[in-house]
Protein chains: 2
Amino acid sequence: MKAIIYDGKLKYVKNYPAPLPGEGEALIRVLLAGICNTDLEIMKGYLGFQGVMGHEFVGVVENVNNRNRRLIGKRVVGEINCGCGVCGYCMKGLQKHCPDRKTIGILGKDGAFADYITLPADNLLEAPDNISDEEAVFAEPLAAAFEITEQLHIKPTDRILVLGDGKLGILASLALNLVQADVSLAGRHENKLQVAREQHVKTIKFSDLEMTKQYDFVIEATGSADGLEFALQLVKPRGTIVLKTTVAYGKEMNLASVVIDEIQVVGSRCGPFEPVLRAMTRKLINVKPLISAVYKPDRVSAAFKKAGSREALKVLLDFR
Amino acid sequence: MKAIIYDGKLKYVKNYPAPLPGEGEALIRVLLAGICNTDLEIMKGYLGFQGVMGHEFVGVVENVNNRNRRLIGKRVVGEINCGCGVCGYCMKGLQKHCPDRKTIGILGKDGAFADYITLPADNLLEAPDNISDEEAVFAEPLAAAFEITEQLHIKPTDRILVLGDGKLGILASLALNLVQADVSLAGRHENKLQVAREQHVKTIKFSDLEMTKQYDFVIEATGSADGLEFALQLVKPRGTIVLKTTVAYGKEMNLASVVIDEIQVVGSRCGPFEPVLRAMTRKLINVKPLISAVYKPDRVSAAFKKAGSREALKVLLDFR
């Protein structure tokens, strides 16, 4: 099968062996896959991953090994973490925190930048008919945005600032807007801010931000290790910073103001797919304006170059 | 009056002008005062404070300017933050987060290393008769330990690790032990660990810690900027790190695991005095074994040298 692998270098391979579904796993034919900033970080050494890249996808179930055969032929999206199934975290439905977990395209399991991928059938959710492949492929990154309201009680009267007008920042601002809180998105790129503004998010250039401690919540989605110290200048005493940025490098920082202002810093990663599919079916969030380009997999170099460019938002790989 | 001031250098002064109580303030004759690590950080430039140092004290009210005259002649301890009284934080009883606050010996107001100090009468609590001066002077640092249970729901079934066998680490382990949770204190100094062990805290040397993610709560009280990354190796996914350390310098760190493990990092500062005085009156926490030395104020250099030494815990200044 065709696959995009990383083995120290990014490579397009024509004859990668197709995966075999293990017990309880589905074999999924990939339709569309999305390039995430985490993929770009992996190429800088993040988590030391090697293998088939990619964790954002929509596909069709071709077969299921001993479970949920009703999924065969269905178009699906899938949760990317595969737990051991028996530990305390898995028992609570927190497979993503299982100490023995695998995560497609990130940790110990081949990913979605290929004609086929395998995942436990229990990880899969059917994509509703009224959303396109181009929308369904956003289920995973939008779930990461919904994780914020899954973890924290955000009140409709709260003042929220999302820092960073990348994909995750825009998706977070759109997800938080559903709470009807006072949400602003701050960034550097007028074209990206516009995508959020057209869906009722207030937007502001970084350079126009009033640098006072004024927000109940600051969502740090800058993709830069500098983001936390920036957020600390904007969050109210006793407020909350949601940390979304994972980068491969460290940064010198002084966290004294976390203590002095008794700030809560909450790390936030993968999120729940079901509410995302509900919001998408109801057409409450329009992800399509985030698509900057679609490439066939043999043009992987161009696709990754585009994904890494300053003006781009989501770049998709088309395996159809 | 006698006073210990910091003006770029630590100085003992014999004829510092005595403070005049403002409207609503009490004039307090200091009996005993404690040297805190924050005092040592101030001497490294922390917050740029200059003036009379000190914020841990017990004293006797000599006079009150237009409020609470019933306090005159009483022995008191006092909350160290003075808010504006009219902002949203002050209205909620959170004077310590008032953006215009003053904090004795730390921010904009002379402190307790002097014969006299002034504080709003509303900041004062009478010290119960059955606790000595040597115990009452611990009300402020012990309140900082009680702030942890004030901010967070710590369950009796939680596993808790306190990192750092300094004064705050020991006091935090003693305060958390009252919840009857499974509390361990980790540190480097056998003599300090022993103080906690004699009051039923489990103790462990840093070098004997099993470096796995096993604790629901890790209380970071190492006094070192390295403490957070150390705590991240010990806290469970979805667990909580309470950050108590404020230091004047920054440190390179990578917070990716905060995001990956969805850790909550909560800054924690000054705490509530009332429950501390209850616990002290009931003799549930014995602070006296933490006293390493008592000096008269004219021996300030020796006192600070002792307070900064590796083996010392609390050093007191005796103004009686």
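Trainee: Which residue is the bridge partner of Arg29(A) in β5(A)?

Mentor: In β5(A), Arg29(A) has Val60(A) as its bridge partner. This is a predicted model, in which local features need pLDDT of at least 70, side-chain atom pairs count only at pLDDT 80 or more, and totals for chains, interfaces and linings use all residues. Residues are numbered from 1 along each chain as its sequence is written, chains are lettered from A and ligands numbered from 1 in the order in which they are written, and side-chain values use heavy atoms, with hydrogens and water left out.

Trainee: With which strands does β3(A) pair in the antiparallel sense?

Mentor: Two strands pair if DSSP finds at least two bridges between them, strands being DSSP runs (E, at least two residues) and helices likewise (H or I, at least four), numbered from the N terminus. β3(A), residues 25-35, pairs in the antiparallel sense with β5(A), residues 56-64, over 8 bridges, and with β20(A), residues 314-318, over 4 bridges, where Gly34(A) stands opposite Leu316(A).

Trainee: How are two packed helices described?

Mentor: They are described by the angle between their axes and the distance between the axes. Here the axes of α4(A), residues 139-151, and α9(A), residues 273-281, come within 8 Å and cross at roughly 110 degrees, the axes being lines fitted to C-alpha atoms over the stretch in contact (heavy atoms within 4.5 Å), with angles from 0 to 180 degrees between N-to-C directions. The two helices, α4(A) and α9(A), are therefore roughly perpendicular to each other (65 to 115 degrees).

Technical notes
Angles under 35 degrees count as roughly parallel, over 145 as roughly antiparallel, 65 to 115 as roughly perpendicular and the rest as oblique.
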